[in-house]
Amino acid sequence: SDLLRNSDLAMYHAKRAGKNAFKFFDASLNQGAHMRLRLESALRHALDCGELSLHFQPQLDTRTGEIRGMEALLRWHNAELGEISPTVFIPVAEETGLILPIGEWVIRTACRQLRIWQADGSPIQRVAVNVSACQFKNKDFVHQVERILAESDLDPPCLELELTESVLMGQAEESIDTLQQLKALGVLLAIDDFGTGYSSLSYLKRFPIDRLKIDKSFIHNIENDRNNAAIAQAVIAMADTMSLSVTAEGVETQEQLHFLSANCCDEVQGFLFSKPVPVEEVPSTILRLTENG
Ligand code: C2E
Ligand code: CA
Ligand code: CA
């Protein structure tokens, strides 16, 4: 039975590596599986135990430096496991379906928070949330967004949904339908990690989207890497002809900012301005960014 279990585990890994492959079992696979089980069972309680929180990262107008929006990024702190990166636990949440209640909580919490900032007279105009494939494909998703907007009394254009191109292109015809329903609510729609996946330009034209976010892998070393520079310029030019806004993520240096500004990228986001911060640090972050002009 050990042999069967171990070969099963190896098969599972081979499948995850893109099928049509083989994989030998070794003890590290067992450890990985054990760790995943621990993560999974801890994640089942994370929401109810109040272990999840949102951090916020400013999105600024490239030209004026004014803060336009805040991207909400999920954080998980567990007493035993410590701080766990979303790149580790979001895939687990997706595979287990836990992303549905967690994702709903993210949208609701982000909308409520923006309402609080607005009541305090903050300059933040919108909040952006990441939406995973399972959420987007869920039949109830559009109604869920509608309900949350109503209950938080938030103007729909104050909420921006970030979707990756692989989520949208996976079932492009169905996506158009869902995007149109979301657009009808009045929310803003952005394509996240743009350029890392596979986009059909003819579909892109039919998606009722508002913004492209250039992935940080293309912003990296943009001042020296001619390929990255060309890709960023092409995305900005394409967005311009399609009347879409463009945001560059992962902006870390003045040189990158200068390049993006010279090439008329609308908005910028990255460590150069601020890392994602917990909600209590948002006011001081805004103050610092406003004072620096
Ligand atoms: P993403 O949506 O592409 O988010 C950008 C990631 O880049 C964030 O990592 C952010 O902290 C990081 N980042 C921001 N500025 C810089 C920079 O200047 N340099 C570098 N090197 N990195 C920067 P984070 O917070 O670890 O999130 C990772 C990913 O997890 C996100 O990538 C997103 O795909 C996913 N994620 C986070 N929160 C949620 C959520 O609420 N729902 C879903 N479905 N996914 C989420
Ligand atoms: Ca994002
Ligand atoms: Ca990204």
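The model is predicted.

**Calcium site**
- Asp 215 sits in the loop between strand 7 (211-214) and helix 10 (216-219), and Glu 249 in the loop between strand 8 (245-248) and helix 12 (254-262), so the pair ties together parts that are 34 residues apart in sequence.
- Asp 215 is buried, at a relative accessible area of 10%.
- Glu 249 also counts as buried, with 10% relative accessibility.
- A distance of 5.6 Å separates the calcium ion (ligand 3) from the calcium ion (ligand 2).

**Largest pocket**
- The lining comprises 34 residues, and Glu 71, Leu 73, Pro 86, Asn 130 and Asp 192 lie nearest the centre of the pocket.
- Two or more lining residues come from each of strand 2 (67-78), helix 3 (86-96), helix 4 (99-119), strand 5 (159-164) and strand 6 (188-194).
- This lining has 13 nonpolar, eleven polar and ten charged residues.

**Second largest pocket**
- The second largest pocket is lined by 14 residues; those nearest its centre are Phe 136, Lys 137, Lys 139, Glu 174 and Thr 178.
- At least two lining residues each are supplied by helix 5 (133-137), helix 6 (141-152) and helix 8 (172-185).
- Helix 8 contributes the most to this lining, with five residues.
- By class, the lining of the second largest pocket has four nonpolar, six polar and four charged residues.

Key: Residues are numbered from 1 along each chain as its sequence is written. Chains are lettered from A and ligands numbered from 1 in the order in which they are written. This is a predicted model: local features need pLDDT of at least 70, side-chain atom pairs count only at pLDDT 80 or more; totals for chains, interfaces and linings use all residues. Side-chain values use heavy atoms; hydrogens and water are left out. On a 1 Å grid over the protein atoms alone, a cavity is a set of points where a 1.4 Å probe fits but cannot get out, and a pocket is an open set with protein on both sides within 12 Å along at least five of seven lines; lining residues have an atom within 4 Å of a point. Helices (H or I, at least four residues) and strands (E, at least two) are DSSP runs, numbered from the N terminus. Ala, Val, Leu, Ile, Met, Phe, Trp, Tyr, Cys and Pro count as nonpolar, Asp, Glu, Lys and Arg as charged, and the others, Gly among them, as polar. Donors are N, O and S atoms within 2.8 Å of the metal (3.2 Å for Na, K and Ca); water is not among the atoms, so sites may look incomplete. Buried means under 20% relative accessible area, exposed over 50%, partly exposed in between (1.4 Å probe, protein chains only).
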